[in-house]
2 protein chains.
Amino acid sequence: MAKKSVSNVWSQPGSPLYIEVRRQIAEAIRSGEWRPGDSLPSEKMLCERFGVSIGTLRKAVDELTASGVLVRQQGRGTFVARHSQDRYLFSFFHLVGRDGHKEYPEVRFLSLRTIEADDFASHALAVNIGSPLFNISNLLSLRGEVTSVDDIYLPTALFPGLTEERLRTRKTTLYQMYQDEFGISVVRTSERVRGCATTRSQARLLKTTPGAPLLQIIRCAYSFHDQPVELRNSYVNTQYCEYQPDPYVHEHN
Amino acid sequence: MAKKSVSNVWSQPGSPLYIEVRRQIAEAIRSGEWRPGDSLPSEKMLCERFGVSIGTLRKAVDELTASGVLVRQQGRGTFVARHSQDRYLFSFFHLVGRDGHKEYPEVRFLSLRTIEADDFASHALAVNIGSPLFNISNLLSLRGEVTSVDDIYLPTALFPGLTEERLRTRKTTLYQMYQDEFGISVVRTSERVRGCATTRSQARLLKTTPGAPLLQIIRCAYSFHDQPVELRNSYVNTQYCEYQPDPYVHEHN
DNA sequence: CAGTGGTCTAGACCACATT
DNA sequence: ATGTGGTCTAGACCACTGT
């Protein structure tokens, strides 16, 4: 019964069938045949389409599910994952309540200025010293408690036409805006955390006292080819929240 | 051919067979029947032992491989994972120099005591309030500068025979010791970071001043099946180092 | 060569969701 | 009742390893 039948898929010699099936499914999604939120044909149909058995088809779908491309729902079907704003947000946002629960932060826009890159910013953003940068200031709250003040630096060259009006009225996350309006996809972030003491101006914004301990989170966001696109300095009052990076899970092989 | 046969494993109604097989393999490792580095019996032998088909057995082994408990080598066999010291260390150690370079910390053992679990520790470690815990204190240095004091809590039941002498003379990382001497493999950690002010006793150890800002890192380490095995409280002076979690990388396909 | 893991088949029954 | 994904079987051949 185990005679390998001639199949519809182009199977590279030395490459497992299920890898090729996985590739073709991913390709069909990329090409727009199945769009985010769509349901795929049933597993039986897919078996016929690719000329493989249910076990092989499931192995391909298993991996696409594990990597978040597909979502299965027993009894309903298999769907192309919808990368919602929520998911995007919580990929990069690492502040949680003291009880560990993740929540939406409320963002209040403070200011947009244009400044010149200092030594540190120019190095982090790979621009020349003195290059023009947008400097955005935001105030973030969790459950009505002010938790952090964010200072964001963007090379003006990458974000032409960014205006204060646009920032004040935005309804999406910043990263969503980078992608939708400037074609910049953030694919990697790197963060470093220090302890520091509240300054007088921070104390006013964060409703705390000068000298109280704060977290300083320095984040650099990168697009494709490790191009830095955003430098962000967050000063966090951990009285009402905590910094929680993604858990580490040991991997082998 | 698909008649479900009577099997050797105790299959809970409503729980898949492969889950039970996975549990029994993990249990055999925990009990010491197979130790890190050992090879398991062949898949065919395991099928007979558990009374399941090759597909089911492989699904169980697949998951244990994915979670790092087992390592497969084609043509040679399946082995209980052995965690190398270097890799292990930097997987869990997130302090780097202010210049961003990773380095080995120097660890100085301070004390080992036995205490009773308070509310927080008992909750984190999934033991009863008042249960006995080992409490280890260590002082960590980077490049000769004292950077943090670690307070470590372990359920005594999981670490029978742990002695001060053993901790003072150890040459490996703690996690390596958990594995080699107590059969406990750490496969996941979760961390939370807060800002706090230096206490007087911390100031003495960290050679800083009371009230100066510190990072408090609360880490819980888990073994198989999300069993918590260690709770750790690190108080870090970020004058000479920074906390740097693993970078986030957006996954595509 | 024999033994191992890696892949694959062609079914089957079960649990769940929708109609 | 029908259709979906979830689990499971009892084989088979292939690729790789060590003798």
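This is a predicted model: local features need pLDDT of at least 70, side-chain atom pairs count only at pLDDT 80 or more; totals for chains, interfaces and linings use all residues.
Reader: What makes A:Asp99 and A:Arg143 a salt bridge?

Author: The closest N and O atoms of A:Asp99 and A:Arg143 are 3.2 Å apart. Side-chain values use heavy atoms, with hydrogens and water left out; residues are numbered from 1 along each chain as its sequence is written, and chains are lettered from A and ligands numbered from 1 in the order in which they are written.

Reader: Where in chain A do A:Asp99 and A:Arg143 sit?

Author: A:Asp99 is in the loop between strands E3 (95-97) and E4 (106-116), and A:Arg143 is in the loop between E5 (132-142) and E6 (145-155). The two are 44 residues apart, so the pair links distant parts of the chain. Strands (E, at least two residues) and helices (H or I, at least four) are DSSP runs numbered from the N terminus.

Reader: Why is H1(A) called oblique to H3(A)?

Author: H1 (17-30) and H3 (54-66) of chain A pack at about 55°, with their axes 8 Å apart. Axes are lines fitted to C-alpha atoms, for helices over the stretch in contact, and angles run from 0 to 180 degrees between N-to-C directions. Under 35 degrees is roughly parallel, over 145 roughly antiparallel, 65 to 115 roughly perpendicular and the rest oblique, so H1(A) is oblique to H3(A).

Reader: Which residues of H1(A) and H3(A) meet?

Author: With contact meaning heavy atoms within 4.5 Å, A:Tyr18, A:Val21 and A:Ile25 are among those in H1(A), and A:Leu57, A:Ala60 and A:Leu64 are among those in H3(A). The residues of this contact divide into eight nonpolar, one polar and three charged.

Reader: How do you know how H2(A) and H3(A) are placed to each other?

Author: The axes of H2 (43-50) of chain A and H3(A) come within 9 Å and cross at roughly 105°. That angle falls in the perpendicular range, so H2(A) and H3(A) are roughly perpendicular to each other. Here A:Glu43, A:Leu46, A:Cys47 and A:Phe50 meet A:Ile54, A:Leu57 and A:Arg58.

Reader: At what angle do H1 and H3 of chain B cross?

Author: They cross at roughly 55°, and their axes come within 8 Å. That makes H1(B) oblique to H3(B).

Methods
Ala, Val, Leu, Ile, Met, Phe, Trp, Tyr, Cys and Pro count as nonpolar, Asp, Glu, Lys and Arg as charged, and the others, Gly among them, as polar. A salt bridge is a side-chain nitrogen of Lys or Arg within 4 Å of a carboxyl oxygen of Asp or Glu.
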